[in-house]
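Biologist: I'm new to this one and would like to learn how to read it. Could you take me through it feature by feature?

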There are 2 protein chains.
Amino acid sequence: MNAIEVLAQAGIRPTPQRLAVAEFVLAGRTHPTADEVFAAVQHTCPTISRATVYNTLRLLVNKGLLREQVLREGVTVFDAERTAHHHFVDEETGQIHDVPWEALKVYGADQLGGFEVHDLQVVLRGRRRRA
Amino acid sequence: MNAIEVLAQAGIRPTPQRLAVAEFVLAGRTHPTADEVFAAVQHTCPTISRATVYNTLRLLVNKGLLREQVLREGVTVFDAERTAHHHFVDEETGQIHDVPWEALKVYGADQLGGFEVHDLQVVLRGRRRRA
DNA sequence: TCCGGTGTTGGACACATTCTAACTTTGGAC
DNA sequence: GTCCAAAGTTAGAATGTGTCCAACACCGGA
């Protein structure tokens with residue numbers, strides 16, 4: 001399914017600007033910031049403005065095509081992986097890696113009196129070992 | 001142990017500004033942002049500058065008296081609880097609550113090939129039920 | 001008392017993000 | 001095709017968080 005179809009299916013009018021953003025952000029396995037998206041999209045759509053990138057990213061988040069993650073200091077990153085998973089943050093490079101949901105088991109979240117949990121993830125920080 | 005002793009023991013010269021910051025930030029069970037600390041400390045120390053608040057908070061973090069947490073969008077919050085624990089973020093109010101380490105069990109983090117985990121926490125998001 | 005080091009200050013700066021007001025494009029209605 | 005209103009886009013201004021910097025204040029020791 002290409003980007004046009006994805007947007008249309010979500011009820012988003014597929015303008016060239018939105019397509020450029022969606023193609024970049026839904027394709028890769030990265031966790032880009034809004035500014036990284038802006039920089040990348042300028043190659044294919046040089047007149048696009050920052051505001052449109054922010055607007056489009058928010059739109060994609062609201063329609064559930066993208067998730068917003070608070071993982072790096074000072075910036076918001078976006079995650080195209082929509083199924084539940086955990087995150088590993090490399091403390092040296094700031095890079096964020098997805099950790100499959102099945103790789104970790106969390107017990108006890110349903111027994112927290114007073115808290116209605118909508119979302120849960122394990123955030124790991126450390127160093128990525130060289131291969 | 002009062003704030004003067006705490007700072008002295010950490011090898012920090014206890015100036016009035018640092019005491020004001022330390023007294024506020026080490027006392028409460030809140031997770032304040034730097035700006036909230038600044039606002040609060042101005043009541044007891046009206047001439048303090050933003051720079052000193054940031055400098056002092058960083059100093060306290062470096063000396064291990066405080067932890068920096070990336071939990072809210074766009075801002076860094078500080079946490080006086082130094083032992084390992086998890087966090088619950090209220091999606092409506094943005095308030096952050098500590099979840100005791102023993103309340104949740106996480107398995108599998110030591111079997112992640114390629115990742116050397118230094119720190120781990122579960123981040124829960126949802127709504128706090130009224131009591 | 002003088003001096004060097006440490007700490008503080010306020011303002012300038014940098015960056016991420018949102019807002020605004022004007023402009024462009026689109027999809028009908030005629 | 002022409003017109004219009006709605007939707008989308010744009011550049012730049014504004015806001016908010018955090019850092020940097022140069023000048024000043026304070027303290028302890030010679």
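Predicted model: local features only at pLDDT ≥ 70, side-chain atom pairs only at ≥ 80, totals over all residues.

Biologist: Where do the domains of chain A lie?

Modeller: Domain 1 covers 3-79 and domain 2 covers 85-126 in chain A; such bounds come from an automatic or database domain assignment. Taken over C-alpha atoms, their centres are 24 Å apart.

Biologist: What area is buried between domain 1 of chain A and domain 2 of chain A?

Modeller: The size of an interface is often given as the accessible area lost when the parts come together. Here that is the area (1.4 Å probe) the two parts lose on being put together, summed over both. For these two domains of chain A the value is about 710 Å², with 50% from carbon and sulfur atoms.

Biologist: And how many salt bridges are there between domain 1 of chain A and domain 2 of chain A?

Modeller: Side chains of opposite charge can pair when their charged atoms come close. The rule asks for a side-chain nitrogen of Lys or Arg within 4 Å of a carboxyl oxygen of Asp or Glu. Between the two domains of chain A the count is 2. A:Asp119 and A:Arg67 also form a salt bridge, at 3.3 Å from N to O. Helices (H or I, at least four residues) and strands (E, at least two) are DSSP runs, numbered from the N terminus.

Biologist: In what order do the elements of chain A run?

Modeller: From the N terminus on, chain A reads α-α-α-α-β-β-β-β-β-β, that is, 4 helices and 6 strands. A:Arg50 lies in helix 4 (residues 50-62) of chain A and A:Asp35 in helix 3 (residues 34-41) of chain A, so the pair ties together parts that are 15 residues apart in sequence.

Biologist: In which sense do strand 1 of chain A and strand 2 of chain A pair?

Modeller: Strands count as paired if DSSP finds at least two bridges between them. Strand 1 and strand 2 of chain A pair in the antiparallel sense over 4 bridges, with A:Arg72 opposite A:Val75. They form a hairpin with 2 residues between them, and A:Gly74 in the turn has a positive phi of about 80°. Now look at strand 3 (residues 85-90) and strand 4 (residues 96-100) of chain A, which are antiparallel over 5 bridges. There A:His87 stands opposite A:Asp98. This hairpin has 5 residues between its strands, and A:Gly94 in the turn has a positive phi of about 80°.

Biologist: Now the two chains: how many residues does the contact take from chain B and from chain A?

Modeller: It takes 33 residues from each of chain B and chain A. Together they bury about 3200 Å², 57% of it on carbon and sulfur atoms. B:Val70, B:Phe115 and B:Glu116 lose the most area on the chain B side, together 20% of what that side buries.

Biologist: How many salt bridges does the rule find across the interface of chain B and chain A?

Modeller: It finds 4. B:Arg127 and A:Glu116 also meet in a salt bridge, at 2.8 Å from N to O. Strand 6 of chain B gives the most to the side that touches chain A, with 14 residues. Strand 5 (residues 105-107) of chain A also pairs with strand 5 of chain B, antiparallel over 3 bridges, and there A:Val106 stands opposite B:Val106.

Notes:
Residues numbered from 1 in each chain as written. Chains lettered and ligands numbered in written order. Heavy atoms only, no water. Contact = heavy atoms within 4.5 Å.
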